[in-house]
Amino acid sequence: MRTDIKPARASRALLRHAVTEQIKAYIIENRLKPGDSLPTEAELCDALNASRSSLREAIKTLAALDIVEVRHGFGMFVGRLSLSSLVESLTFRGLLSPEDDFRVLLDLVEIRQLFEEGMAARIIERLDDGQLSKLDEVVDQLGGCTTDEALVETDRAFHDLLMQPLGNQLITQLNGAFWDVYAIVAPYLGIANGEAKTDTVELHRAMVEAVRERDAAAFAAAVVAHYAPVRQRIAAATRTAEHAQP
């Protein structure tokens, strides 16, 4: 395998990186927000003293990271700044190396549990009666799910509702990213999508009741109980994969 990089190629990569950093600095310095329009390609070339080819390569890099959004026929805009690249990276890692990703999935579960258990007091403080009613509805929907896919999507909707009152966009994005990775990788690794439906309903209902009683300790305990079966499924799948190895 060749490890040398031609000078022209290295110079081009460095130039692309420099222009990429200039665009990010432009967004910050002008206090642009997601959805705000960026100057035209020609205007950016002038403002950054960059060639059109370097600018286009930099825009492709930033578009892949969701920092810049290109709408053909409309122009360029500041992207949503989502965690799509994180989802793709973790998902690919799991599909490429299942043994490694059992650990990744367990890490994701631990982080999700950490969010909900660690923020128990804030969650029960901020969830109002209307939101509690919505959580009750979702729990009822869990009992009516007839497929694993529906169960996972409804389960996700429940946890999204828990996070919404916190008003923390980063936690919301991270939580959504972790769900995306789990939903894609878990079936590939042979991990069942959900525990028995009756247990699923009861575990979620225990969380809702703890919120309704404004009992942070009970809510935290319910969260731990909810994630315990998930950990058990990952552990069982890990043992099965290890035994299957020659």
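Me: At what angle do the axes of helix H7 and helix H8 cross?

Reply: The model is predicted, so local features need pLDDT of at least 70 and side-chain atom pairs count only at pLDDT 80 or more, while totals for chains, interfaces and linings use all residues. Residues are numbered from 1 along each chain as its sequence is written, and side-chain values use heavy atoms, with hydrogens and water left out. Axes are lines fitted to C-alpha atoms, for helices over the stretch in contact, and angles run from 0 to 180 degrees between N-to-C directions. Here, H7 (residues 129-144) and H8 (residues 148-163) cross at roughly 165 degrees, and their axes come within 9 Å. An angle over 145 degrees counts as roughly antiparallel, and H7 and H8 are therefore roughly antiparallel to each other.

Me: Which residues of H7 and H8 meet?

Reply: Contact means heavy atoms within 4.5 Å. From H7, Lys134, Leu135, Val138, Val139, Gln141 and Leu142 meet Leu151, Thr154, Asp155, Phe158, Leu161 and Leu162 of H8. By class, this contact has eight nonpolar, two polar and two charged residues. As a general idea, an α-helix has 3.6 residues a turn, so residues three or four places apart point the same way.

Me: How are H2 and H3 oriented to each other, parallel or perpendicular?

Reply: Angles of 65 to 115 degrees count as roughly perpendicular. Helix H2 (residues 41-48) packs with H3 at an angle of about 105 degrees, the axes being 10 Å apart; the two are therefore roughly perpendicular. Glu41, Ala42, Leu44, Cys45 and Leu48 in H2 meet Arg52, Leu55 and Arg56 in H3. That contact divides into five nonpolar, no polar and three charged residues.

Me: Which residues of H3 are buried?

Reply: Buried means under 20% relative accessible area (1.4 Å probe, protein chains only). In H3 the buried residues are Ser54, Leu55, Glu57, Ala58, Ile59 and Leu62. Just after H3, Asp66 takes a positive phi of about 65 degrees.

Me: Is Arg156 buried or exposed?

Reply: Arg156, which lies in helix H8, is buried, with a relative accessible area of 17%. Leaving aside its neighbours within four places in sequence, Arg156 is in contact with Gly176, Trp179 and Asp180.

Me: How many helices and strands does the protein have?

Reply: Helices (H or I, at least four residues) and strands (E, at least two) are DSSP runs, numbered from the N terminus. The protein has eleven helices and two strands. Of its 246 residues, 39% count as buried.

Conventions: Parallel < 35°, antiparallel > 145°, perpendicular 65-115°, else oblique. Nonpolar A, V, L, I, M, F, W, Y, C, P; charged D, E, K, R; others polar. Buried < 20%, exposed > 50% of the residue type's maximum accessible area, 1.4 Å probe, protein only.
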